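The report below describes the structure shown here, moving from its surface to its helices and then to its charged side chains.

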Amino acid sequence: MTSHSARQCGPCHLGLPAAAEDFAALAAGRAEPGLMSRLRRRTGLLP
């Protein structure tokens, strides 16, 4: 995902790596409290 970003806007430049980390934690079974709400917020900012 991040390799397709132009890295021109804050949500893409900062949000894609952060969302990728959240998805990785979720896939690895390391979902901490608040992960899903944080992931929804982060992905909602992406174009």
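## Surface and overall make-up

The accessible surface of the protein, in this predicted model, comes to about 3400 Å², of which 59% belongs to carbon and sulfur atoms; such areas come from the Shrake-Rupley method with a 1.4 Å probe, and for residues only the protein chains shown count as cover. Of the 47 residues, 26% count as buried, where buried means under 20% relative accessible area, exposed over 50%, and partly exposed in between (1.4 Å probe, protein chains only). The protein has two helices and zero strands, these being DSSP runs (H or I, at least four residues, for helices; E, at least two, for strands) numbered from the N terminus.

Residues are numbered from 1 along each chain as its sequence is written, and side-chain values use heavy atoms, with hydrogens and water left out. Because the model is predicted, local features need pLDDT of at least 70 and side-chain atom pairs count only at pLDDT 80 or more, whereas totals for chains, interfaces and linings use all residues.

In helix α2 (residues 35–45), the buried residues are Leu35, Arg38 and Leu39. They lie on the same side of α2 because they cover an arc of only 100 degrees around the axis, the arc being that of the directions from the helix axis to the C-beta atoms. The face turned away from this buried side carries the exposed residues Arg40, Arg41 and Gly44.

## A nonpolar surface patch

Phe23, Leu26 and Met36 form a nonpolar patch on the surface, with about 250 Å² of accessible area together. Patches are made of residues with over 30% relative accessible area and no salt bridge, with like charges joined within 9 Å and nonpolar side chains (Val, Leu, Ile, Met, Phe, Trp, Tyr) within 5 Å. Phe23, which lies in helix α1 (residues 10–27), is partly exposed at a relative accessible area of 41%.

## The salt-bridge network

The structure holds three salt bridges, each defined as a side-chain nitrogen of Lys or Arg within 4 Å of a carboxyl oxygen of Asp or Glu. Arg38 pairs with Asp22, the closest N and O atoms being 3.1 Å apart; Arg38 lies in helix α2 and Asp22 in helix α1, so the pair ties together parts that are 16 residues apart in sequence. Asp22 is buried at 5% relative accessibility, and Arg38 is buried at 18%.

Asp22 also meets Arg42 in a salt bridge (2.7 Å, N to O), a pair that links helix α1 to helix α2 across 20 residues. Arg42 is partly exposed, with a relative accessible area of 22%. Glu32, partly exposed at 44%, forms a salt bridge with Arg38 (3.3 Å, N to O), and Asp22, Glu32, Arg38 and Arg42 are linked in a network of salt bridges.
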